Amino acid sequence: STQSTWACNEYFPADVLLLTTSDPKGVAYIETKNLDGETNLKQKSLLKEVAASLPTPEREGQYANLRLHLQFEPPNPYLYSFKGTTTLGDGRKSSASNANFVLRGCSLRNTEWVFGLVTYTGHESKIMLNSVKARPKSSTLEAGMNREIIWVFILQLFVCAFCSLWYAIWRNSQEGYVPYLWSDIPETDPEGSFFYNFFVRFGAWMLIFTNFV
């Protein structure tokens, strides 16, 4: 865990356990608008035994030699639940709860500064673990239309293949009866090939039947 200080109107870049604050009553006011859309301020309290043992900081880093051990639960997606235990250097213990815990993305309001202990960071923060990929939504009508479009496209492929195959077979069978249609085509030209005519006509039929889908 890392110790740090946040000033008024600053956003918390990680999940933080509050240790002390500038407020003489030992509270901090937190805005959670970025998380739940609520503009009313939430009141967070301190761990009394921990706050009582900490002097008022004059500058950031004054608590660098603070002896405090924090034991807390593994990362989880439960936004409104936190359980932990703090142990001071003299052995005194305190139970930490969600009332002393600030989520990533919240901002400090109406409080000059707070000092806290970073618990979860990055993808292990509660807001990140709680965010899930949105499932695509579609109506029954849309799902039915998608299935019908697939069947229509398959039918279009079948009709185009049938028409192209019919043309290729007809051309090969009629080549000797209607020579005036292909009299200027050399024998080595690929246009006289069965597969060439099939694929060329297949593309032509696909363009003709484009309005199927």
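**A tour of the salt bridges**

There are three salt bridges to visit here, where a salt bridge is a side-chain nitrogen of Lys or Arg within 4 Å of a carboxyl oxygen of Asp or Glu. Side chains of opposite charge can pair when their charged atoms come close. The model is a predicted one, in which local features need pLDDT of at least 70 and side-chain atom pairs count only at pLDDT 80 or more, while totals for chains, interfaces and linings use all residues. Residues are numbered from 1 along each chain as its sequence is written, and side-chain values use heavy atoms, with hydrogens and water left out.

Begin by selecting Glu-31 and Arg-109, whose closest N and O atoms lie 3.1 Å apart in a salt bridge. This pair links distant parts of the chain, since Glu-31 sits in strand 3 (residues 27-31) and Arg-109 in strand 9 (residues 107-109), 78 residues apart; strands (E, at least two residues) are DSSP runs, numbered from the N terminus. Glu-31 counts as buried because its relative accessibility is 11%, and Arg-109, at 18%, is buried as well. Here buried means under 20% relative accessible area, exposed means over 50%, and partly exposed is in between (1.4 Å probe, protein chains only).

Next, select Glu-38 and Lys-42, which form a salt bridge with 3.0 Å from N to O. Glu-38 counts as partly exposed at 36% relative accessibility, and Lys-42 is partly exposed at 23%.

Finally, select Asp-90 and Arg-92, whose side chains meet in a salt bridge at 2.8 Å, N to O. Is Asp-90 buried or exposed? At 54% relative accessibility, Asp-90 counts as exposed, whereas Arg-92, at 36%, counts as partly exposed.

Terms used: Helices (H or I, at least four residues) and strands (E, at least two) are DSSP runs, numbered from the N terminus.
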